[in-house]
Amino acid sequence: MIVLENAFDETPAMMQRLVKEVASPFFQCSLDIGRSDSFGTMPVSRWIASLGQDLAHIHVHDNNKIYDEHRGLGSGSIPITSFLRALMRCRVSPTVTIEVRTLCAVRQTLALLKRYRVITEDVCS
């Protein structure tokens, strides 16, 4: 599997176009929610809805919408509830990278992912 990740993209349009052009089940998208929040022009939940079945991987972290800080989920500007609900509505099960800077932020992020059933097992026990 090869995934294309958003960097400074304002919308997922370019990613969608490339996935369509390559037309391979082994070429999909990775969404960095911090970057989509900092550089995008639409909410993270709309990125997820737009990428839909082409979403294979997600980098989860939070930020202040200005700088890509890699905070724990729920400690910045990303509307976490709408992000997690959009992920559940999308009916895909992407792999997840927790991309944060501290152990406390890892725990905070895991707790939110577990609360919204993005993960179902206690990975830290």
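User: In what order do the four strands of the open sheet lie?

Analyst: This is a predicted model, where local features need pLDDT of at least 70, side-chain atom pairs count only at pLDDT 80 or more, and totals for chains, interfaces and linings use all residues. Residues are numbered from 1 along each chain as its sequence is written, and side-chain values use heavy atoms, without hydrogens and water. Strands are DSSP runs of E, at least two residues, and helices are runs of H or I, at least four, numbered from the N terminus; two strands pair if DSSP finds at least two bridges between them. Pairing here is parallel, and the order is β1-β2-β3-β4.

User: Which are the edge strands?

Analyst: An edge strand pairs on one side only. Those strands are β1 (2-5) and β4 (95-98).

User: Which residue in β2 is the bridge partner of E5?

Analyst: β1 and β2 (residues 27-32) run parallel, joined by four bridges. In β2, the partner of E5 is S30.

User: At about what angle to β2 does helix α1 run?

Analyst: Helix α1 (residues 13-22) lies across β1 and β2. Axes are lines fitted to C-alpha atoms, for helices over the stretch in contact (heavy atoms within 4.5 Å). Angles run from 0 to 180 degrees between N-to-C directions. The angle to β2 is about 165°.

User: Is N63 buried or exposed?

Analyst: N63 sits in the loop between β3 (55-60) and α4 (80-90). Buried means under 20% relative accessible area, exposed over 50%, partly exposed in between (1.4 Å probe, protein chains only). At 0%, N63 is buried.
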